[in-house]
Amino acid sequence: MKIQEKFKNQFYQKIFFLFFILFLGILALLFENKYYYSGKGELIFFDVGEGDSIFIKTPQNFTILIDGGPSKKIIYDFSEVLPFWNRKIDLVVLTHPHSDHLLGLNEVLKYYKVGEFWFTGVLTDDPNYHQLINLIKEKNIPTKIIKMGDFKKFKDGSYLEILWPQDSIYQRKVNDLNFYSVVCRFRFGKNQFLFLADINDKVEKEILKKFNLDVQLFKVLHHGADDSILEDFVAKIHPDYALISVGKNNKFGHPSSKTLSLLEKYNVKILRTDQLGKIVFIFNNQGIEKEFNKSTFLTNIFLFIKIIKEWKKLIYLTLLAT
Ligand SMILES: [Zn+2]
């Protein structure tokens, strides 16, 4: 009798575990599914050292990655922001094939499924760039050669558009890859976020002439280099936030004091990845709702990792129990 009861109890335990997993699975789908509209999006500047890597999650969970930084570090960053069951990025953009923007993308392409890959198709002899092109071919990733005017509108109304380069540089060799790097603008509701890659002041002038910019946040061009930022540009786009993606004690002296004092003059809030680590914004259709950095966000990350670990444990336990 006792043995029978024990068996019965074990059976109910297994059933309970299975239903619990099913319940968690449904929750996961709900939060990751493209049909679930949260009304809030995330914009993350990864701390990749001297380089750029920017991640956007739209309110309906579409994911965009602009550049991958100079190393494999991006993979660890990703595991913190995307749950382990989600291995897909909807859109990846390479602004230009310099190693501080490109190298991490080779890793991303190896481990994640990419819905679409956007780049200018410029020619360079860099073997890492060739590796990237080969990976794209190997994995049959749909590509798009981009230039000014190209855009993608997501179902939730968010919008990514290309503001530069003006003309296609597909299959062309250019003298200055920075000059031809891709400038993107992301829009959702009242938000306009501007990502300036490594362009220079000449491109700033062109962009000012061609577009009506009313920007909440912009990624400062070329890691805050001395020769890059124009006073006229800052005055006209009047952003609330300036993001500088830059390495600690880098050999280039980025960001320059000239850039910093110009931003201060216009009361722009400066956020630097070398000082704050990963920087996260939560936005809704009215504007930026919250901003996290190392000090505040770490607590959330630890909590998140803890939850993930618990999930893994739970699945193992259930498998063992069944
Ligand atoms: Zn760069």
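**Entry 1: α3 and α4**

I began with the crossing of two helices, and α3 passes α4 in a left-handed crossing (left-handed if the near helix is turned anticlockwise from the far one by less than a right angle, right-handed if clockwise). I am working from a predicted model, in which local features need pLDDT of at least 70, side-chain atom pairs count only at pLDDT 80 or more, and totals for chains, interfaces and linings use all residues. For my own bookkeeping, residues are numbered from 1 along each chain as its sequence is written.

Helix α3 covers residues 99-111 and helix α4 residues 127-138; they pack at an angle of about 30°, with axes 10 Å apart. That angle makes α3 roughly parallel to α4 (under 35 degrees is roughly parallel, over 145 roughly antiparallel, 65 to 115 roughly perpendicular, the rest oblique). The axes are lines fitted to C-alpha atoms, for helices over the stretch in contact, and angles run from 0 to 180 degrees between N-to-C directions. Helices (H or I, at least four residues) and strands (E, at least two) are DSSP runs, numbered from the N terminus.

Next I listed who meets whom, where contact means C-beta atoms, placed from the backbone, within 7 Å. From α3 I noted Ser99, Leu102, Leu103, Leu105, Asn106, Leu109 and Lys110, and they meet Asn128, Tyr129, Gln131, Leu132, Leu135 and Ile136 in α4. By class, the contact of α3 with α4 has eight nonpolar, four polar and one charged residues (Ala, Val, Leu, Ile, Met, Phe, Trp, Tyr, Cys and Pro count as nonpolar, Asp, Glu, Lys and Arg as charged, the others, Gly among them, as polar).

**Entry 2: α2 and α3**

I then turned to helix α2 (residues 73-81), which packs with α3 at an angle of about 55°, axes 8 Å apart. The two are therefore oblique to each other. Lys73, Ile74 and Ile75 of α2 make this contact with Gly104, Glu107, Val108 and Tyr111 of α3. The residues of the contact of α2 with α3 divide into four nonpolar, one polar and two charged.

**Entry 3: the core**

Which residues touch the most other members of the largest nonpolar core? I found Val183, Cys184, Phe195 and Leu196, out of 67 residues in that core. α3 gives the most to this core, with five residues. Such a core is a set of buried Ala, Val, Leu, Ile, Met, Phe, Trp, Tyr and Cys residues joined through C-beta atoms within 7 Å. Buried means 20 or more other C-beta atoms within 10 Å of a residue's own, exposed 12 or fewer, partly exposed in between, with C-beta atoms placed from the backbone.

I looked at Cys184 too: leaving aside neighbours within four places in sequence, it is in contact with Ile66, Val93, Leu160, Ile162 and Phe195. Of the 322 residues of the protein, 36% count as buried.

Most residues other than glycine have a negative phi, and most peptide bonds are trans. I picked out the exceptions below.

The peptide bond from Trp164 to Pro165 is cis, with omega near 5°, and Pro165 sits in the loop between β8 (159-164) and β9 (183-188). The bond from His254 to Pro255 is also cis, with omega near -10°; I located Pro255 in the loop between β12 (241-244) and α7 (257-265).

His238 has a positive phi, near 25°, and counts as partly exposed, with 13 C-beta neighbours inside 10 Å. For Asn267 I read a phi near 55°, and Asn267 is exposed, with 8 other C-beta atoms within 10 Å.

How values were computed: Contact = placed C-beta atoms within 7 Å.
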